[in-house]
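Hi there,

Here is the structure I promised to pass on to you. Have a look at it first, and then read my notes below.

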Amino acid sequence: MKAPTHSRAAPDPLQPGLPSRRDGSHGLLQRRPADAPTVEVDVMVRLPRVQELSGLGRSTIYRLMAMQQFPNAVRLGPRAVGWRLSDIAAWNASRPCLQPGPATPAHRPIDTDTV
């Protein structure tokens, strides 16, 4: 026997009594007055995400921070640091792109006569 399907969305634990939608809204119009100031919130990211975004390893990130060539971490608690996502994005945007040029071999061929 097939279970009946319901068109009603599951209740949102953060907003009791209001069904949530897939997009996270509750179906309510969320209008902001024209004169209301906009608030920009900068997301803090931890080291694994910084490594993923920058393509660098932990040691390289801290070495570049010491040389003032990478955004500094922000203290989040007694034993936690994070980086502002906007700082990481700006650092990524400031990196130079490689110019097309002659191809260089990735490695030297092994001379089998001397081995």
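Aspartate 42 sits in the loop that runs between strand 2 (15-19) and strand 3 (44-45); strands here are DSSP runs of E with at least two residues, while helices are runs of H or I with at least four, both numbered from the N terminus. This is a predicted model, in which local features need pLDDT of at least 70, side-chain atom pairs count only at pLDDT 80 or more, and totals for chains, interfaces and linings use all residues. Residues are numbered from 1 along each chain as its sequence is written, and side-chain values use heavy atoms, with hydrogens and water left out.

Leaving out neighbours within four places in sequence, aspartate 42 is in contact (heavy atoms within 4.5 Å) with Arg84, Leu85 and Ser86. Its side chain also makes a polar contact with the side chain of serine 86, at 2.6 Å. A polar contact is a pair of N or O atoms within 3.5 Å; within protein, one must be able to donate a hydrogen and the other to accept it, and residues adjacent in sequence count only if both atoms are side-chain atoms.

Now for serine 54, which belongs to helix 1 (residues 47-54). Serine 54 is buried, since its relative accessible area is 14%. Its side chain reaches the backbone oxygen of valine 50 at 2.8 Å, and a polar atom of that side chain lies 3.2 Å from the backbone nitrogen of leucine 56.

Happy exploring!

Key. Buried < 20%, exposed > 50% of the residue type's maximum accessible area, 1.4 Å probe, protein only.
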